[in-house]
Amino acid sequence: MRHIISILIENEAGALSRVAGLFSARGYNIESLTVAPTEDVSLSRMTLVTSGSEQIVEQITKQLNKLIDVIKLLDITEGAHIEREMMLIKVKADRGHRDEVSRLVDIFRGRIIDVTDVSFIVEMTGSPSKLDAFINAVHEDLVVEVVRTGPCGIARGSKGLTL
């Protein structure tokens, strides 16, 4: 099963390396990893996506909690949560395909953020399945390049990752 683990971690050199090292040393896979400073410059919030059985994810969270840099963590997939992913996709958009691509972008509520004679760069946010659906809707010969952030998420309601 897929899990999104949010981690408050000290914003120090080597913290990310220690988390990644924990995963590689135990043979666990990181599907995606996003890290950015929080409103407190001494802390960063890491959003880590991994897969595994309940026992494996429990072991992962126990090992993460042992790391000195980790302040607090929360498996947000255990409760109600919102997750979003961002994608930048470059598509061929010569004269014959511009209208078709533009309509698809509108249907999926994306934004064309760059236009050249031969291509569009589209920015889109949403659930991973929405982004996959957009990629599948665009003819495969038109896709030049795809960059995705991986999911970031936040727990709904009163539950949250705060100090």
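This is a predicted model: local features need pLDDT of at least 70, side-chain atom pairs count only at pLDDT 80 or more; totals for chains, interfaces and linings use all residues.
User: How many aromatic pairs does the structure hold?

Analyst: The structure holds two aromatic pairs.

User: Why is the pair of F23 and Y28 called edge-to-face?

Analyst: The ring centres of F23 and Y28 are 6.2 Å apart, and the limit for a pair is within 6.5 Å. Their planes stand at 75°, whereas edge-to-face requires over 60 degrees. The pair is therefore edge-to-face.

User: What makes F23 count as buried?

Analyst: Buried means under 20% relative accessible area. F23 has 1% relative accessibility, so F23 counts as buried.

User: Why is Y28 called partly exposed?

Analyst: The relative accessible area of Y28 is 21%. Partly exposed covers the range between the buried limit of under 20% and the exposed limit of over 50%, so Y28 is partly exposed.

User: Why is the pair of F108 and F134 called edge-to-face?

Analyst: With ring centres 5.3 Å apart and planes at 80°, F108 and F134 are set against limits of within 6.5 Å for pairing and over 60 degrees for edge-to-face. The pair is therefore edge-to-face.

User: Which parts of the chain does this pair link?

Analyst: The pair links distant parts of the chain, 26 residues apart. F108 lies in the loop between α3 (98-107) and β6 (111-115), and F134 lies in helix α4 (residues 128-137).

User: Are F108 and F134 buried or exposed?

Analyst: Against the cut-off of under 20%, F108 counts as buried at 17% relative accessibility, and F134 counts as buried at 0%.

How values were computed
Residues are numbered from 1 along each chain as its sequence is written. Side-chain values use heavy atoms; hydrogens and water are left out. Rings of Phe, Tyr and Trp (its six-membered ring) pair if their centres lie within 6.5 Å; planes under 30 degrees apart count as stacked, over 60 as edge-to-face and the rest as tilted. Buried means under 20% relative accessible area, exposed over 50%, partly exposed in between (1.4 Å probe, protein chains only). Helices (H or I, at least four residues) and strands (E, at least two) are DSSP runs, numbered from the N terminus.
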